Amino acid sequence: MNKELLEQSLILNRRKFLSKLSLGIGSVALGSLLIPDLFTGKPDEEVLMAGLPHFAPKAKRIIYLFQNGAPSQLDLFDYKPKLQEMFGLDLPESIRMGQRLTGMTADQKKFPLAGSIFNFKQYGKTGAWFSELLPHIASVSDDLCIVKSLFTEAINHDPALTFFQTGAQVGNRPSMGSWLSYGLGSENKNLPAFCVLLSKGKGNGQGVYSKLWSNGFLDSIHQGVQFSSGDNPVLYLNNPESISKEDRRKMLDKVNELNEVAYEEFGDPEINTKIQQYEMAFRMQTAVPEITDMSKEPESIIKLYGPECLIPGTYAANCLLARKLSENGVRFVQLYHQGWDGHNNLPNEIKGQCQDVDQASAALITDLKQRGLLDETLVIWGGEFGRTNYCQGTLTKDNYGRDHHPRCFTIMMAGGGVKPGVYGETDDFGYNIIKDPVHVNDFHATVLNLMGINHEQLTYKHLGRRYRLTDVAGKVVNGIIA
Amino acid sequence: MKHKIIVIILFFASVTTGFVSCFNNNEKLEKSLPQTVSFNFHIRPILSDKCFKCHGPDANKRAANLRLDFAANAYAPLTETKGAFAIIPGNPEESELVKRISSDDPSYMMPSPEGHLGTLTPYEIALFKKWIQQGAKYETHWAFISPQKKTLPKIDNKSWPKNEIDYFIENKLEEKGLIPNEEADKERLLKRMALDITGLPPSIAMMDEFINDNSPKAYEKIVDELLSSPQYGEKMAAHWLDVARYADSYGYQDDNIRTQWPWRDWVIHAFNNNFPYDKFLTWQIAGDMLPNATKEQILATAFLRNHKYTEEAGVILEEYRMGYLIDETKTFSKGIMGITVECAQCHDHKYDPIKQKDYYSLLAFFNNTKEKGFEGDVGSSKPAKYPILKINNDEVKNMLSFINKKDTAMMTVSVMAEDTLRQTFLLMRGVYDKPNGEALLPSAIPAVMKFDDAKYQRNRIGLAQWTTDKKNPLTARVFVNQIWQEFFGRGIVKTSGDFGMQGELPTHPELLDWLAVDFMEHGWNIKRLVKQIVLSSTYRQSVKTTDEKQKKDPDNIYLSRGPRSRLSAEFIRDVVLSSSGLLVKTIGGPSVKPYQPKGLWEGATSGRGELATYKQDKGEDLYRRGLYTFIKLTIPPPGLALFDASNRDQCEVKRSKTNTPLQALIMMNDPTVLEASRVLAQQLMRESSPPEEKIQKAFRLIICRKTNAKEKEILLLYFNDQLQQFRQKKLDAKATVNVGEYPQKEIADIVGFAALMKTINAIYNMEEAITKS
């Protein structure tokens with residue numbers, strides 16, 4: 001980049017920069033899509049990110065495999081033989097303690113306990129329990145930090161998802177990925193810092209909403225960019241077929257010339273920014289298809305993730321794509337896999353869901369590991385709450401449903417500075433936490449900590465108040481940090 | 001590389017110089033302080049930002065029993081530091097506050113390091129010292145004192161002002177050593193005005209008319225013409241729809257369709273008929289309670305009911321019902337009052353004098369309908385939720401003719417209907433099932449203005465009266481500021497949704513007050529206010545900037561140049577459709593579904609409800625203004641969202657204006673832009689003019705001025721190159737023009753047609769095409 005251009009970039013960035021400076025130390029955070037482009041050449045970006053990260057990060061990037069709809073911890077990880085012993089008996093009031101229920105089971109007269117019909121086994125050095133539904137994930141058990149004591153405040157999907165992704169139930173707050181984009185920027189000048197990939201299972205599904213990857217009150221450059229499985233992996237990325245790359249280049253050159261005429265007349269720095277944004281768009285047009293192209297992946301990789309990874313839009317394909325994006329410096333890759341909301345017919349539905357995700361989830365961890373990337377990449381796997389130990393609807397020997405259960409559930413993490421093993425414990429009924437509870441705010445504080453950020457200091461002042469991902473709470477869970 | 005680092009270091013050095021190092025020397029620091037230190041303008045912003053968190057209005061979080069927002073408490077003996085006083089008027093050296101903010105001992109200094117609020121700068125410390133020296137006088141927060149119309153300020157350059165606004169602007173410019181720009185050229189001025197007033201670019205006929213009219217009244221004539229066009233109401237409505245979080249779906253998980261659009265049609269109608277702002281508000285707050293309320297008045301209250309509504313089975317009814325009330329309260333307080341009160345949902349406000357009890361007393365006004373938290377899941381979804389207004393076909397034909405109804409079916413809209421059964425309680429920590437204490441009487445925020453029982457009833461009518469009382473210090477200021485923001489890109493108070501203590505101070509407080517009072521004195525006349533703004537010399541300035549201006553005022557806070565900014569999302573679409581001749585100017589009606597990338601709704605849906613799949617419209621509905629694009633809350637239209645449109649999740653009063661590569665991709669590849677390029681080319685090909693003229697005409701339609709020599713040359717070069725490419729079959733002419741559903745016309749010179757289309761597409765991608773310049 002020549003000196004003049006850089007100077008211009010600095011001038012035009014100065015305004016935004018100054019207004020951020022006035023927020024005080026620690027809050028100088030810069031954009032992901034806009035900024036790197038202005039400072040072509042990576043090291044300089046870091047010069048500008050005064051104060052961030054706050055300390056040496058253990059993880060540089062995150063891949064979050066969100067299991068949308070809330071998988072049943074009782075059928076996958078949290079082995080409770082007691083529930084099998086007491087199959088069909090009513091949940092004792094001493095355990096339930098009058099806690100609130102959703103409108104779907106609040107009127108039920110009985111709460112018959114439903115032990116999982118699936119077999120459990122212990123795996124690896126840590127001896128973690130897994131059900132037979134997750135053989136692949138169980139095989140990488142020694143890389144996993146399994147937190148059995150997550151709890152949340154929300155009892156319905158929409159607020160619970162929103163809470164998990166943004167730290168608040170109300171909506172309109174920036175999501176985790178946006179906070180990280182704002183705080184740490186991008187490592188790649190041709191790709192957005194925060195990418196979102198969606199897939200759907202066959203189970204009972206709950207929608208996902210773009211507010212989950214919203215920038216909230218942060219600048220929209222921090223918004224998650226949704227990749228889709230169609231021909232256009234990023235919205236409006238592809239030129240019409242009649243326009244080749246060279247042709248596009250030609251047009252951009254002319255448009256740049258025209259914009260420069262306007263700049264000479266008005267001197268508005270926004271005009272230069274516009275020129276830069278067109279240039280980045282042009283680079284994305286090459287960079288994104290290269291990343292989404294799976295045709296050059298070797299046979300061993302296809303085998304690892306399973307044949308579905310060649311079908312765009314599947315969970316397996318998204319896992320592979322997530323690895324490629326992350327490998328190329330995307331700060332936060334967020335997957336959502338729908339279909340875990342097993343109110344009725346859970347045993348059958350969960351089988352299908354596990355078939356979708358088991359192999360590919362494990363493959364992602366193995367793949368990152370063999371590339372030497374797992375150390376610096378934090379992989380997270382989990383849903384928005386747990387499911388009840390009692391049956392919703394009619395309980396039979398081989399069928400049951402489970403309602404929402406915010407009081408305890410399990411998530412898994414791997415790589416990026418987490419300590420493999422099992423953390424936290426629930427009671428014999430899998431209903432209450434009896435050891436080391438982890439609130440969603442604590443989870444966020446810990447994730448930010450792994451990324452080298454003090455969660456109390458990554459703030460943004462909006463409408464008179466400094467906001468943060470952890471709102472007014474959250475403490476780092478040191479027990480899961482290596 | 002080296003270069004870059006050096007430049008960055010220089011940059012940092014210059015930043016720090018500006019803020020810190022020039023104050024190393026005390027004399028300089030002393031000199032830079034204001035003559036009189038004002039509590040409102042200098043001291044409170046620091047207190048609010050750095051001290052009130054622990055020493056402010058929130059009783060529960062108050063440390064050391066000290067509050068600094070009240071003189072009596074700040075002057076009183078400290079309870080934890082015996083014999084000391086936080087503030088001793090006239091004696092900064094002995095004031096404990098000064099000692100602590102100047103200290104660097106972590107156990108003694110303030111703000112304390114644990115608070116992560118940062119320390120005060122030497123300049124801020126000096127301000128405190130001088131303020132205490134001068135008597136440490138406290139004042140009521142500026143925004144809570146009724147505005148007064150002061151006499152116009154004295155200025156040297158008396159020939160510049162065209163109306164009162166300019167006196168205030170010029171006064172500040174002279175103070176800052178800035179000189180206003182000359183008037184913009186007529187072409188650009190007309191584009192600016194037309195976009196600001198109607199959201200559409202001027203037609204060529206209008207351009208010619210204005211350019212050739214040299215009479216002194218030419219400008220005003222065009223302003224009047226624009227103000228009386230029906231597109232004015234659409235332009236003004238766009239902002240109000242953000243305030244009112246208008247959408248076409250319920251939000252939340254299944255996100256089914258709802259019918260609030262008749263209210264949107266009413267808003268357009270109200271602006272076009274120039275409803276006075278006090279009436280406009282009264283109807284929306286309490287239309288249903290007016291004596292012999294008409295259906296139109298009841299319809300207006302849909303304003304409050306545009307909130308999201310859950311259809312998720314299993315929700316707890318009261319939790320959601322409270323959520324809706326909280327949303328209504330927020331829309332009123334942020335959108336109309338310009339203050340944030342939601343902090344007080346859980347505790348006394350930390351920065352503003354708003355108690356938790358005040359919050360629930362305000363909410364109590366809205367807590368008087370039979371609204372439920374949940375009426376059934378998506379399987380039994382209805383287009384409106386109780387209370388509803390039923391509108392039949394006859395009513396639309398007669399009294400509600402502004403509703404653009406397409407069929408004869410009965411229509412329902414979610415509205416307000418007063419019912420006196422409910423009681424409101426303060427909720428502990430804001431939790432719906434933790435009511436506390438006695439039932440609260442409805443009352444408006446006392447810190448803003450007392451809610452006088454003798455004057456107002458304790459219901460929404462009373463709230464509307466309190467709101468539109470000319471003594472209310474906020475209502476007129478907040479609205480005038482929002483309108484100013486629409487025209488100048490930034491409000492006189494930059495934080496247009498927060499006039500509280502954490503909000504920014506007005507850059508021109510006397511102007512804001514003058515405009516607010518003048519607005520009320522003239523019957524809350526909105527068109528008059530708009531006209532006042534656009535007739536000013538301030539508004540008419542050219543946007544040219546110089547190094548000096550850029551250095552002295554990079555953000556153009558003092559307005560020594562005209563406003564220049566990227567258009568809002570809806571108007572980008574409007575410019576594209578209008579300039580190409582595609583725009584269908586129908587007003588109102590059900591929202592429409594234009595082109596959208598495939599799979600967006602389908603990829604994220606639960607599969608339930610009418611909106612599980614995106615059914616793109618056909619024909620005319622593809623070419624409606626951006627205002628009418630269907631808003632599905634959980635997946636807002638990407639073409640609008642990427643250009644910073646509000647997601648309509650909650651009340652918004654201000655949009656950001658970002659500049660991102662995804663926006664560049666839209667302008668390059670959105671079928672709407674490509675189709676507009678094709679259709680405009682198609683029309684021009686049917687005129688018997690040489691290519692240069694065709695290009696010139698397209699340029700005028702899109703950019704709204706004639707090309708200069710350089711632009712002409714660049715475009716013609718491009719056109720000829722493309723012509724070459726198509727002729728040599730390096731590019732496929734037929735495939736190029738094959739875009740969009742608008743009927744193709746047989747054009748013999750297909751190569752010329754395609755080359756012209758590409759040239760026009762390049763014009764659409766110019767920065768100026770979507771910029772108000």
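## A residue in a loop of chain B

B:Thr658 lies in the loop of chain B that runs between helix α28 (638-641) and helix α29 (661-669), where helices are DSSP runs of type H or I with at least four residues, strands are E runs of at least two, and both are numbered from the N terminus. This is a predicted model, in which local features need pLDDT of at least 70 and side-chain atom pairs count only at pLDDT 80 or more, while totals for chains, interfaces and linings use all residues. Residues are numbered from 1 along each chain as its sequence is written, and chains are lettered from A and ligands numbered from 1 in the order in which they are written.

With 22 other C-beta atoms within 10 Å, B:Thr658 is buried (20 or more such atoms count as buried, 12 or fewer as exposed, and numbers in between as partly exposed, with C-beta atoms placed from the backbone). Leaving aside residues up to four places away in sequence, B:Thr658 touches A:Asp219, A:Ser220, A:Ile221 and B:Asp644, a contact being two C-beta atoms, placed from the backbone, within 7 Å. B:Asp644 is 14 residues from B:Thr658 along the chain, and their C-alpha atoms are separated by 7.0 Å.

## Chain A

Chain A has 15 helices and 17 strands, and 59% of its 482 residues are buried. Of the contacts in chain A with a separation of 6 or more, 76% join residues 24 or more positions apart.

## Domains of chain B

Chain B is divided into domain 1 (23-139), domain 2 (246-468), domain 3 (580-658) and domain 4 (669-772), with bounds from an automatic or database domain assignment. The centres of domain 1 and domain 4 of chain B, taken over C-alpha atoms, are separated by 64 Å.

## A helix pair in chain B

The axes of helix α8 (residues 164-176) and helix α22 (residues 509-521) of chain B come within 9 Å and cross at roughly 170°; axes are lines fitted to C-alpha atoms, for helices over the stretch in contact, and angles run from 0 to 180 degrees between N-to-C directions. The helices α8(B) and α22(B) are therefore roughly antiparallel to each other (angles over 145 degrees count as roughly antiparallel, under 35 as roughly parallel, 65 to 115 as roughly perpendicular and the rest as oblique).

In this pair, B:Glu164, B:Ile165 and B:Phe168 of α8(B) meet B:Glu510, B:Leu511 and B:Trp514 of α22(B).
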